[in-house]
Amino acid sequence: MGLWLAPMVLALFTFGTADFVVAGILRELADGLGTSESAAGQLVTVYSIVYAICAPLAAVVTARVPRRTLAAWAVTLFILGNVVAATAGSYEVLLASRVASAMAAAAVTPMCFAAAGTVPPEGQRGKALGLLSGGIMLAQLLGVPIGTWLGGTWGWQAAFWMCVALGAVVLVSMLALLPPLEPPPAMALRERLAPVTHGPVLRGLSAMMLLSAGSMMMMTYIAPITSAAGDVGTNGIAGLFVAAGFAGLVATQIGGTASDKLGPLRTVLIGAGTLVAAMTGLSGSVLWGETPFWLLVLLVMVMAFGIGMLNPPLAVWLLSRAGASGNEVMALNASVMYLGTSMGGVLGGLLLALSSPGALPVLAVVETALVVLLIATAGRGAAGEQGATAGTAPAEREAAPQAH
């Protein structure tokens, strides 16, 4: 696959850690800044909103900026943002630092996904995208717990200093290992954004938003679901998250490889079938009410595995229909994932208030079915199924730089 992918995976691991680590140090942040935990929690919300807005805007504004130059300046901004966060003496300063960090991540992440979907030879692009997705999973499994421990042991500032150190490693590795990726071909803005208005691309973005909504809904409310299913306590919930993280990390690699071998659509069907089976089991376990803990661990791992299987092929499928606008489409993909995450929390909360925990897996099944329906009925689009299987459209293959 080549060492050029390593700094991109590390970048997504770093950005993911910086995004979610605040959730682990809410109490320390609130106490240190003299604010409420609710207000401290908005630091995550602001990061997500800024990211969702800036990703597509940055993709357009920086379209002609050399990729290594873009990466260097954006990661430098990320480092500075976290230095400000680590030394912030007020909530307002910390909030501003989160805006800067989110803008930096929004500029780099779409570039990483677009490069992973175009630079590798045909038959390896799904694997590359799976490795990138694994970086995000690893942030939740490893980066956030370490940052939480550092923040709890040495003060909340330590978590942000960790992000500074990670950012410095990303910057050095990108300058040393990133190939001289060329910007997308010169195109008018209207022409560059044209694929976004195409039915297949819109369907793919909608599918990714639904997947994000369903998966985040289940992970956000896994505590009330498993408590109703088997009276799982706090320690048990922590164990479930660890098990889900491992399963998701493995699944992203399998999903990426399967996308190369079987094609995105078949891989989506496999992942969706796995997810539906897990949701059905979780809904039934709530009705049972006395589900053994080992069975709940198994069901949650299968659920996380299904979610992880779906992410890489959906990204491959989108890139295959993006043509020369892969960077813009990947930026919008990142935005809809964050929007879907927000939707999942809201929908899950409403359903939990109006019904029972067993209704959440049922809604997740409906969302998964819609994901499959959107992809399966989208038609061949501009690239065709052969292009989808390869992970890129003909226009992408012509424009894709080679990594040396």
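**Close-up views of a predicted model**

**View 1. Helix α1 against helix α3.** The axes of α1 and helix α3 (residues 37–61) come within 7 Å and cross at roughly 150°, where axes are lines fitted to C-alpha atoms, for helices over the stretch in contact, and angles run from 0 to 180 degrees between N-to-C directions. That angle makes α1 roughly antiparallel to α3, a label given to angles over 145 degrees, while those under 35 count as roughly parallel, 65 to 115 as roughly perpendicular and the rest as oblique. The crossing of α1 with α3 is left-handed, that is, the near helix is turned anticlockwise from the far one by less than a right angle, with clockwise giving right-handed. From α1, the residues Phe15, Ala18, Asp19, Val22 and Ala23 meet Ala40, Leu43, Val44, Tyr47 and Ser48 of α3, contact meaning heavy atoms within 4.5 Å. Helices are DSSP runs (H or I, at least four residues), numbered from the N terminus. The model is predicted, so that local features need pLDDT of at least 70 and side-chain atom pairs count only at pLDDT 80 or more, whereas totals for chains, interfaces and linings use all residues. Residues are numbered from 1 along each chain as its sequence is written, and side-chain values use heavy atoms, with hydrogens and water left out.

**View 2. The aromatic pairs.** Phenylalanine 15 and phenylalanine 78 are edge-to-face, at 5.1 Å centre to centre and 65° between the planes. Because phenylalanine 15 lies in helix α1 (residues 6–24) and phenylalanine 78 in helix α4 (residues 67–86), the pair ties together parts that are 63 residues apart in sequence. Phenylalanine 15 is buried at a relative accessible area of 5%, and phenylalanine 78 is buried at 0%, where buried means under 20% relative accessible area, exposed over 50% and partly exposed in between (1.4 Å probe, protein chains only). Tryptophan 156 and phenylalanine 160 also form an edge-to-face pair, with 6.0 Å centre to centre and 85° between the planes; tryptophan 156 is buried at 6% relative accessibility, and phenylalanine 160 is buried at 0%.

**View 3. Phenylalanine 13 and its surroundings.** Phenylalanine 13, in helix α1, is buried at 12% relative accessibility. Leaving aside residues up to four places away in sequence, phenylalanine 13 touches Gly135, Leu138, Ala139, Leu142, Gly143 and Leu166.

**View 4. Threonine 226 and glycine 284.** Threonine 226 belongs to helix α10 (residues 222–230) and is buried, with a relative accessible area of 0%. Glycine 284, in helix α12 (residues 264–288), is partly exposed at 33%, and its C-alpha atom is separated by 7.6 Å from that of glycine 358, 74 residues away along the chain.

**View 5. Confidence along the chain.** The protein chain averages a pLDDT of 84, and 89% of the residues score at least 70, pLDDT being the predictor's confidence in each residue, from 0 to 100. Confidence is highest in helix α7 (residues 157–177), at a mean of 95, and lowest in helix α17 (residues 394–399), at 33. Over residues 381–404 pLDDT stays under 50. Where pLDDT is low, the predicted coordinates should not be read in detail.

Conventions. Rings of Phe, Tyr and Trp (its six-membered ring) pair if their centres lie within 6.5 Å; planes under 30 degrees apart count as stacked, over 60 as edge-to-face and the rest as tilted. Helices (H or I, at least four residues) and strands (E, at least two) are DSSP runs, numbered from the N terminus.
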